[in-house]
Amino acid sequence: MIPLVRYMFTVLLLSQRYLAPLLLFVGLTSVLTSSDNGPLTASYAAVAGVMLLCSAWLTMALIGLEDPPHRSIVVVSAGSHRRALLGSVATAAVWCLLLTVAGLALPLFFGTHTVRLADLALGTEAQLSCAFTGMAIGLVCSRLVFRRQGYALVAALVLLLAVMLGKGVSPVNIMLTDLQQATNPADVLGSTGVLLAAAAVLLAVGTAVTHAITVKKS
């Protein structure tokens with residue numbers, strides 16, 4: 001699996017398709033947290049929202065790098081459709097982890113905050129929750145599921161809006177609401193951890209759905 005992840009990471013790096021979501025992440029994070037001296041929980045809530053969008057975009061870009069013939073070669077080299085898909089998921093997760101580190105540091109650079117360990121832990125949980133959710137959306141809206149990219153884009157936008165605005169239903173919406181209202185980060189660490197687990201389950205479901213559709217089409 002490690003060689004497969006290394007290959008996909010390198011292909012995405014050389015394609016430069018990571019640049020658009022990366023620049024969007026850095027740009028929006030900088031704008032939303034610039035000259036901010038409020039609580040870090042609110043800043044990290046904004047960064048998590050940006051992560052949701054960029055992780056979906058990054059996942060779709062990663063899977064869309066290869067046309068069907070090249071994808072078939074990757075599947076044969078990996079040994080199965082499942083391993084090839086898991087390699088894509090793991091590669092997207094590595095990129096999202098790198099973005100998470102940047103998302104923790106940028107608000108501290110652009111704003112004035114008192115940093116506590118609970119703030120950093122909460123920011124990590126929030127960003128990973130949104131990253132897993134965004135990756136799930138990126139998978140089910142990828143080229144493996146939608147042949148026409150216009151339909152994929154519309155589906156991704158609808159799902160992103162649904163998880164952000166679905167009050168009381170979406171883990172992302174619940175988490176962002178909790179972070180914006182929290183005065184003490186330690187009070188919501190437990191509940192955000194539960195939502196992180198729910199987002200991981202959502203990613204597993206998205207992976208399973210994408211795999212089933214891919215196998216059916218092949």
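This is a predicted model: local features need pLDDT of at least 70, side-chain atom pairs count only at pLDDT 80 or more; totals for chains, interfaces and linings use all residues.
**Figure 1. Ser 80 in the loop between helix 4 and helix 5.** Ser 80 belongs to the loop between helix 4 and helix 5. The C-alpha atoms of Ser 80 and Val 215 lie 9.7 Å apart in space, although 135 residues separate the two in sequence. Ser 80 is also one of the contacts of Val 75, the subject of the next view.

Figure 2. Val 75 is located in helix 4. Its relative accessibility is 11%, so Val 75 counts as buried, the limit for that class being under 20%. When neighbours within four places in sequence are left aside, Val 75 is in contact with Ser 80, His 81 and Ala 84. Between the C-alpha atoms of Val 75 and Leu 120 the separation is 38 Å, for a distance of 45 residues along the chain.

Figure 3. The axes of helix 5 and helix 9 come within 10 Å and cross at roughly 140°. Helix 5 is therefore oblique to helix 9, since an angle has to be over 145 degrees to count as roughly antiparallel. The crossing in which helix 5 passes helix 9 is right-handed. On the helix 5 side, the residues that meet helix 9 are His 81, Arg 82, Leu 85, Leu 86 and Val 89. Their partners in helix 9 are Leu 203, Thr 207, Thr 210, His 211, Thr 214 and Val 215. Sorted by class, this contact has five nonpolar, five polar and one charged residues. Arg 82, placed in helix 5, has a relative accessibility of 46% and so counts as partly exposed.

**Figure 4. Helix 3 against helix 5.** Helix 3 and helix 5 pack with their axes 9 Å apart, at an angle of about 150°. This angle makes helix 3 roughly antiparallel to helix 5, because the limit for that description is over 145 degrees. The two helices form a right-handed crossing. Helix 3 contributes Leu 40, Ser 43, Tyr 44, Val 47, Met 51, Ser 55, Leu 58, Thr 59, Leu 62 and Ile 63 to the contact. From helix 5 come Ser 88, Thr 91, Ala 92, Trp 95, Cys 96, Leu 99, Thr 100, Gly 103, Leu 104, Pro 107 and Leu 108. By class, 14 nonpolar and seven polar residues make up the contact of helix 3 with helix 5, and no charged residues take part.

**Figure 5. Helix 6 against helix 9.** Helix 6 spans residues 117–140 and helix 9 spans residues 185–217. The two pack at an angle of about 20°, and their axes are 8 Å apart. Helix 6 is thus roughly parallel to helix 9, a description that applies to angles under 35 degrees. Helix 6 passes helix 9 in a left-handed crossing. The contact of helix 6 with helix 9 includes 21 nonpolar residues, alongside seven polar and two charged ones.

**Figure 6. The largest nonpolar core and Cys 130.** The largest nonpolar core comprises 51 residues. Leu 12, Phe 25, Cys 130 and Met 175 have the most contacts inside this core. At least two core residues are supplied by each of helix 1 (2–15), helix 3 (40–63), helix 4 (68–78), helix 5 (81–110), helix 6, helix 7 (149–165), helix 8 (171–181) and helix 9. Helix 3 provides the largest share, twelve residues. Not counting residues up to four places away in sequence, Cys 130 touches Ala 48, Gly 49, Met 51, Leu 52, Ser 55, Val 172 and Met 175.

Figure 7. Gln 16 occupies the loop between helix 1 and helix 2 (19–33). The phi of Gln 16 is near 65°, a positive value in a residue other than glycine. Most residues other than glycine have a negative phi. Asp 36 is situated in the loop between helix 2 and helix 3. With 22% relative accessibility, Asp 36 counts as partly exposed. The C-alpha atoms of Asp 36 and Thr 112 are 6.2 Å apart in space, while the residues are 76 apart in sequence.

Conventions:
Residues are numbered from 1 along each chain as its sequence is written. Side-chain values use heavy atoms; hydrogens and water are left out. Axes are lines fitted to C-alpha atoms, for helices over the stretch in contact, and angles run from 0 to 180 degrees between N-to-C directions. Helices (H or I, at least four residues) and strands (E, at least two) are DSSP runs, numbered from the N terminus. Angles under 35 degrees count as roughly parallel, over 145 as roughly antiparallel, 65 to 115 as roughly perpendicular and the rest as oblique. A crossing is left-handed if the near helix is turned anticlockwise from the far one by less than a right angle, and right-handed if clockwise. Ala, Val, Leu, Ile, Met, Phe, Trp, Tyr, Cys and Pro count as nonpolar, Asp, Glu, Lys and Arg as charged, and the others, Gly among them, as polar. A nonpolar core is a set of buried Ala, Val, Leu, Ile, Met, Phe, Trp, Tyr and Cys residues joined through side-chain atoms within 4.5 Å. Buried means under 20% relative accessible area, exposed over 50%, partly exposed in between (1.4 Å probe, protein chains only). Contact means heavy atoms within 4.5 Å.
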